[in-house]
Amino acid sequence: MTNQRKNPFIVPLGYFSSLEKEILFKTKTNFSAYGFKTPKSYFKNLEEDIFEKTIGKNNSFIKSIFKYVFLSQVFAVSIFIYYSLSVSSETLIKKENKISFDDYIENYYLDELNSYEIISMLEEAEIDNTLKYDQIP
Amino acid sequence: MKHQSLFINALRQPDSKNEAFTRLVQEYKERLYWHIRKIVLDHDDTNDVVQNTFIKVHLNIENFNENSTLFTWMYRIATNEALNFIKSKAKKMGLKNEEWTQAIAGNLEADPFFDGDEAALILHKEISKLPEKQRIVFNMKYFDGMNYDSISKILDTSVGALKASYHHAVKKIKTKLTND
């Protein structure tokens with residue numbers, strides 16, 4: 001007899017407890033709204049808007065400080081790199097210029113001029129000094 | 001109450017404030033939204049008011065004296081914000097608060113965020129004709145199912161006065177709906 005009365009249908013585990021919550025939530029929410037509705041995903045966006053205006057303010061302040069520090073560091077590093085590059089390039093150019101000028105002088109005097117021309121370009125005192133070495137008997 | 005004290009402490013501590021406030025918003029955003037929405041009626045206006053409410057909660061949590069529950073305190077802020085909002089809007093338009101509310105209720109059919117049936121529309125229009133305090137008491141009691149004790153703490157009014165307000169409100173609405 002007891003077997004015949006037994007309900008053959010079963011429900012998932014914890015079904016009635018979740019059903020109760022679901023029904024209460026749906027009826028409560030709908031009744032509270034009673035005709036009013038909100039845009040889609042409104043409450044998610046609302047949450048984000050509120051956080052942006054409250055918690056976000058602190059975060060953005062901290063972020064702005066970090067941003068400022070980071071930017072100043074980048075600025076300092078870029079100035080350092082620019083300065084060191086410009087100094088080294090200037091030195092290189094100077095060095096190159098000096099070498100090329102010395103080469104030019106050397107080449108000019110050695111290749112293009114003969115001894116008479118060199119003597120004509122020297123001062124009288126210099127000629128005396130220069131010629132001293134040649135006065136060997 | 002002990003649990004609430006712990007939570008309020010968390011809201012006041014700099015290292016836990018953000019996390020606690022996040023939980024607070026998640027817990028109360030919908031309830032406060034619907035409470036405000038039934039006072040100011042328009043969705044965009046409600047959005048402004050509900051955000052201001054949470055900003056005030058965030059700013060003034062240090063001044064919360066714990067004589068009431070956090071829930072009651074937040075509801076009180078929300079109610080005051082909503083009423084001040086109506087006051088400022090009505091003043092700008094040169095209207096009384098009730099006149100402004102009735103004007104908004106009169107346009108509910110055209111509101112894209114209202115999809116109630118005819119009964120809901122008529123009911124909201126009739127509610128908008130009630131004096132401010134009766135309207136709020138009616139909403140809190142009828143729609144939100146709050147008890148007089150909670151409403152009394154939120155509105156800082158005696159339970160007896162609230163019962164009288166609700167009784168008058170129900171009577172007016174019933175009379176109007178029966179006659180129409």
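These questions and answers cover a helix pair and a pocket in a predicted model.

Residues are numbered from 1 along each chain as written, and chains are lettered from A in the order written. Local features need pLDDT of at least 70 and side-chain atom pairs pLDDT 80 or more, while totals for linings use all residues; side-chain values use heavy atoms, without hydrogens and water.

Colleague: Which residues of α3(B) meet α3(A)?

Modeller: Contact means heavy atoms within 4.5 Å. From α3(A) come A:Y42, A:L46, A:D49, A:I50 and A:K53. They meet B:H43, B:N47, B:V50, B:Q51, B:F54 and B:I55.

Colleague: How much space lies in the second largest pocket?

Modeller: A pocket is an open set of points on a 1 Å grid where a 1.4 Å probe fits, with protein on both sides within 12 Å along at least five of seven lines. Its volume is the space filled by probe spheres set on the points. For the second largest pocket that is about 180 Å³.

Colleague: Which element gives the most to the lining of the second largest pocket?

Modeller: Lining residues have an atom within 4 Å of a point. In chain B, α1 (2–12), α2 (17–40) and α4 (70–93) each give two or more. With four residues, the top contributor is α2(B).
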